[in-house]
Amino acid sequence: MTTITTRTVEYPADGLTMSGHLALPAGVGRRPAVLVGPEGMGLSDVERRRADALAELGYVALAFDLHGGRYLDNPEEMLARCLPLLDDPGRMRGIGHAALDVLRAEPRTDPGRIAAVGYGTGGAIALELGRDGVGLRAIGTVNALTTGRPGEAARIRCPVWAGVGSEDPITPPAQRDAFAAEMQDAGVDWRLVVYGGALHAFHHPPVDHPAVPGVGHHPRHARRAWHDVVDLLAECLPLAE
């Protein structure tokens with residue numbers, strides 16, 4: 001494990017002042033970088049720890065914000081903000097591009113070697129960056145099987161890995177099939193892993209506030225999904241190149 005440094009970075013997006021978490025690996029040279037997108041509740045210590053873990057591996061990592069520094073632990077408030085956002089690719093791309101600009105501007109970042117990993121709403125934003133033609137090395141998502149506007153998936157220029165729970169009522173089989181068809185028709189290098197018995201947000205540790213129905217932590221699959229994300233980065237964004 002290497003010594004890392006972290007700091008909060010503020011930047012404008014979606015009419016708000018966002019507050020992201022930047023984690024830097026030891027050393028002084030440029031490193032490959034990862035954009036980390038949170039679940040719909042917003043940036044929390046869960047994503048901060050994931051960014052820190054990636055920095056310990058040797059990546060520059062930015063866990064980005066969705067709600068102007070707020071964590072929406074009220075399901076109704078979260079859905080009231082996220083559902084319109086998920087219906088607006090332009091807004092999602094704006095949030096993603098703003099965070100990506102911060103990551104690229106970091107002197108430790110190699111701007112030609114960046115991947116995006118996202119969970120839920122943050123994963124949808126990562127996919128929209130790909131559909132917008134951003135030159136990412138990889139896109140990894142968990143429970144974010146959104147589909148885009150017709151034809152835009154052809155702009156994705158990197159491998160896409162997606163994970164979903166088999167019992168996720170928010171991402172049912174029909175949505176999985178639509179996502180797979182979109183990726184396949186666009187000629188994307190894609191993979192979909194279905195984790196047996198897992199619900200929505202199975203990767204996320206239990207929370208001490210109300211959650212939307214169909215959410216549940218699955219410790220074993222949470223570990224497996226994290227290892228799958230790290231393997232994706234090792235394949236597509238190696239630390240030595």
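Author: The account below takes the helix contacts and the pockets in turn.

This is a predicted model, in which local features need pLDDT of at least 70 and side-chain atom pairs count only at pLDDT 80 or more, while totals for chains, interfaces and linings use all residues. Residues are numbered from 1 along each chain as its sequence is written, and side-chain values use heavy atoms, with hydrogens and water left out.

Helices are DSSP runs (H or I, at least four residues), numbered from the N terminus. Axes are lines fitted to C-alpha atoms, for helices over the stretch in contact, and angles run from 0 to 180 degrees between N-to-C directions. Angles under 35 degrees count as roughly parallel, over 145 as roughly antiparallel, 65 to 115 as roughly perpendicular and the rest as oblique.

Helix 1 (residues 45–57) packs against helix 6 (residues 219–236) at an angle of about 45°, and their axes are 12 Å apart. The two helices are therefore oblique to each other. Helix 1 passes helix 6 in a right-handed crossing, a term used where the near helix is turned clockwise from the far one by less than a right angle. In this pair, R50, A53, L54 and L57 of helix 1 meet W226, V230 and L233 of helix 6, contact meaning heavy atoms within 4.5 Å. The residues of this contact comprise six nonpolar, no polar and one charged; Ala, Val, Leu, Ile, Met, Phe, Trp, Tyr, Cys and Pro count as nonpolar, Asp, Glu, Lys and Arg as charged, and the others, Gly among them, as polar.

Helix 1 and helix 6 also each supply at least two residues of the lining of the second largest pocket. A pocket is an open set of points on a 1 Å grid over the protein atoms alone, where a 1.4 Å probe fits, with protein on both sides within 12 Å along at least five of seven lines; lining residues have an atom within 4 Å of a point. The volume of the second largest pocket is about 200 Å³, a volume being the space filled by probe spheres set on the points. Its lining includes R50, A53 and W226, and divides into seven nonpolar, one polar and three charged residues.

The largest pocket has a volume of about 580 Å³. Its lining consists of 35 residues, of which E39, M78, I170, H200 and V212 lie nearest its centre. Helix 2 (75–86) and helix 4 (121–131) each supply at least two residues of this lining, and helix 2 gives the most, with six residues. By class, the lining holds 20 nonpolar, 13 polar and two charged residues.

Helix 2 and helix 4 each have a contact with helix 3. The axes of helix 2 and helix 3 come within 6 Å and cross at roughly 100°, which makes helix 2 roughly perpendicular to helix 3. Here R81, P84, L85 and L86 of helix 2 touch R91, M92 and I95 of helix 3; five of these residues are nonpolar, none polar and two charged.

Helix 3 (residues 89–105) and helix 4 pack at about 95°, with their axes 8 Å apart, and are therefore roughly perpendicular to each other. P89, M92, R93, I95, G96 and H97 of helix 3 meet A124, I125, E128, L129 and R131 of helix 4, giving six nonpolar, two polar and three charged residues.
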